[in-house]
Amino acid sequence: MKENSPLIALVGTPNSGKTSLFNVLSGLNQKVGNFPGITIDRKLAEISLTNKQKVRLMDLPGTDSLYPSSQDEKITCNVLKNPDHPDHPDKVVVVADGTQLSRALLLCSQVMDLKIPVIMVLNMADRMTEEEISINEDKLSQILGVPVISVSALKKSGLKKLKQVMGSDLEVSDRPFMRIPAPFLSVLEPIKESLNTDSDYLVYQALLDPESLGAKYEDLINQAREEAKLTDETARRLISNELLVRLDKVDGILTESKFRIGREELSLSDKMDEILAHKIWGYVIFIAILMLVFQAIFSWAEGPMGLIEGLTESISTLLKNILPKHWTQELLTDGIIAGFGGIIVFIPQIAFLFFFITVMEESGYMARVVYLMDRIMRPFGFSGKSVIPLMGGMACAIPSIMMTRNIPNRTERLITVMVTPLMSCSARIPVYTLLIAMFIPSKSFLGFDQRGLYMTGLYFLGFFAALLVAFAFKKALKYKSDRVFVMELPTYRMPRWKNVGITVWQKSLDFILGVWKVMLVISIVLWFLVAYGPGDQMQQVEQEYTELLSADNLTEDEVVELEMEKGSKMLEASYAAIMGKTLEPVIKPLGYDWKIGIALITSFAAREVFVGTMSIIYQQDDPDSLDGDEAQEKGRIALIDRMRAEKKPDGSPLYTPAVVLSLIIFFAIAMQCMSTLAVTQKELGNFWAAIMLTYLTLLAYVAAFVAYQVMS
């Protein structure tokens, strides 16, 4: 991507379809990174315009105005208002929801006053037609002094004209929307010269919001504020006055450009909200949708999971047949492939989860979920703004914790961050799936797979645990929330399936890329710990069982049994056993043995590594003396079957329902992810990261202990 090519920024209010338009224009040609020095997603794409010109397209976080109330909005405002910012754009495309123009025109008027070339896009042209909404685009363009183009990201209409205008030479608007108050005009010139700008409004913005230009101009801005006798209280009053003036002018512009809504009866969205946002039926429907999601995760994903599992087994068998028996062959098949195979088999389930979440977001239903959950969460110290990161926690806690920057109140944000890891994320799916499948049969209940119902219950367990812990933090911090949550519900719309596909692909790819380095290192280290041990204990076991297996009168079943015993004793003589048995006294009250202890340690890198670790540990029980179909039938026992067959020293089963339930609850609560801890440390500091690790570990231990003792 050429850094010197023109940079065009997409700017818009939340739910304007800005990101959908970005995806349509860029397709898969996207680069996702972070803004310089900031851990907020930065989406860039290089696109070709109709004149073959290459430009960089940037998707900025949504904002209602250039006066930010959250970290995400602050990024957008700083990029636009600071000419020295490395991402300061050459042109700005202001994306508006054509059915809700007032807010977008307010934002557009502010960007125009910054003296940046602007194109205004009226998105959702198809929705405007359906709802009989009309506006004279030429008249609106004439009033604003900028191009106005109607497009539909969903239908891909108007894109050619948009690209033509994006490639043309645009003049900045010479019609200031707002006149700067006279007392401030005298202090603007020195700052304008330093910034090399002729925009009075840009400097006025800097006076009202000093952080927008960064530390470089801090002294100059503070001097100007003192000269103008501008206090923070006065600045807040001036901001309110400005917004009122702009909204008043916007109303006049809409009238003059003949903005008309043809229908006065209830729209389809309003009629749907009478059911989907109902105070009773809304919750019933939401629970039913969750049950459908987890039905898909268990039932619909079985086919592709079987294909991946079969492919992994075939590759492992092929390599064992063609490579000479050597430690490198064992590392590759019993270590790396076994570890990766235990993880990637769950990609179809994770893809289904992201598919449903994306569809709910694209359709506008997720906003209704936020609205519904706000009623429940208010007594626990949350507002509706906390619902969004908590719901996002169902996918991954890391971006969800970053999303808490949208919460203006620091204490509310702190509470939200501290409880977000309790929401069951997609990384827990492999663990839940493995453990649930051990004792819950694939039977139908009221048309739903029983396993999916149990999975739904685990997600509700995480949500209710988050509420209880939030309530405890609220009391401990003596926090009283008097905020009123206000949000604009977007109209329902058909998801753009290509956009859904791109999102699912990117999220699934992120899952693989996020885990492969960790899994590679852990697979190699764990294989070494499992394959080798101190002294000559492993050699003695090898020699003992070589003699036993050389007997001529052994049946096939006896060979398999001896191979299993050999693998178990070899494992007990390994370094991994030493590490696990050191931890065993701590975890024994939970019903766990030292093998589970090893998996708990490695899964701190990432929750899903638990399954890969168990695959490597129990891979050692494979009877390598069997060949061909016989090995496939009797030697390649599924991981679940191997775990079911695991015995305690007294011969009783290790994985009883009590142990499995204890493990599930432990993973539903515990802080089993270094990345989540790292992002918490970055957002809140070392103290709160340590508090999070401590309270989640203790809470998980106590809850798992109680579950095991009650069920035993």
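These legends go with a set of close-up views of one protein chain, and the model behind them is predicted.

**Figure 1. The whole chain, before we zoom in.** You're looking at a protein chain with 32 helices and 11 strands. The chain has 712 residues, and 54% of them count as buried. Take the contacts in the chain with a separation of 6 or more: 74% of those come from residues 24 or more positions apart.

**Figure 2. Helix 30 meets helix 32.** Here we have helix 30 (residues 657-669) and helix 32 (residues 686-711), whose axes come within 8 Å and cross at roughly 160°. Since angles over 145 degrees count as roughly antiparallel, that crossing makes helix 30 roughly antiparallel to helix 32. The crossing of helix 30 past helix 32 is right-handed. Which residues of helix 30 do the touching? They are Pro657, Ala658, Val659, Leu661, Ser662, Ile665, Phe666 and Ile669. Their partners in helix 32 are Leu696, Leu699, Ala700, Tyr701, Ala703, Ala704, Ala707, Tyr708 and Met711. Sort the residues of this contact by type and you get 16 nonpolar, one polar and no charged.

Figure 3. On the helix 8 side, look for Tyr201, Tyr204, Gln205 and Leu208. On the helix 10 side, look for Ala235, Leu238, Ile239, Glu242 and Arg246. The residues in this contact split into six nonpolar, one polar and two charged.

Figure 4. Is Leu247 buried or partly exposed? With 35% relative accessibility, Leu247 counts as partly exposed. Now find Ser109: it sits 138 residues from Leu247 along the chain, yet their C-alpha atoms are separated by 9.9 Å.

**Figure 5. Lys91 and its neighbours.** Lys91 belongs to strand 5 (residues 91-97). It's a lysine that counts as buried, because its relative accessibility is 16%. What does Lys91 touch, once you leave aside its neighbours within four places in sequence? The list runs Leu7, Ile8, Ala9, Ile116, Pro117, Met166, Gly167, Ser168 and Leu170. Pick out Leu170 from that list: it is 79 residues away along the chain, and the two C-alpha atoms are separated by 8.2 Å.

Figure 6. Strand 7 covers residues 133-134, and Ile133 is in it. Ile133 has a relative accessible area of 9%, so it is buried. From Ile133 to Gly98 is 35 residues in sequence and 8.3 Å in space, going C-alpha to C-alpha.

**Figure 7. Two loop residues with positive phi.** Met124 has a phi of about 65°, which is positive even though Met124 isn't a glycine. You'll find Met124 in the loop between strand 6 (118-123) and helix 4 (125-130). Lys156 is another residue other than glycine with a positive phi, near 60°. Its loop runs between strand 8 (148-150) and helix 6 (159-166). Lys156 is partly exposed, with a relative accessible area of 46%.

**Figure 8. Helix 1, mostly covered.** In helix 1 (residues 18-26), eight of the nine residues are buried. Those buried residues are Lys18, Ser20, Leu21, Phe22, Asn23, Val24, Leu25 and Ser26.

**Figure 9. Helix 19, another mostly covered helix.** Helix 19 (residues 410-419) has eight buried residues out of 10. Which ones are buried? They are Glu412, Arg413, Leu414, Ile415, Thr416, Val417, Met418 and Val419.

Terms used:
Residues numbered from 1 in each chain as written. Predicted model: local features only at pLDDT ≥ 70, side-chain atom pairs only at ≥ 80, totals over all residues. Heavy atoms only, no water. Axes fitted to C-alpha atoms, helices over the stretch in contact; angles between N-to-C directions. Helix = DSSP H or I, 4+ residues; strand = E, 2+ residues; numbered from the N terminus. Parallel < 35°, antiparallel > 145°, perpendicular 65-115°, else oblique. Left-handed = near helix turned anticlockwise from the far one by under 90°. Contact = heavy atoms within 4.5 Å. Nonpolar A, V, L, I, M, F, W, Y, C, P; charged D, E, K, R; others polar. Buried < 20%, exposed > 50% of the residue type's maximum accessible area, 1.4 Å probe, protein only.
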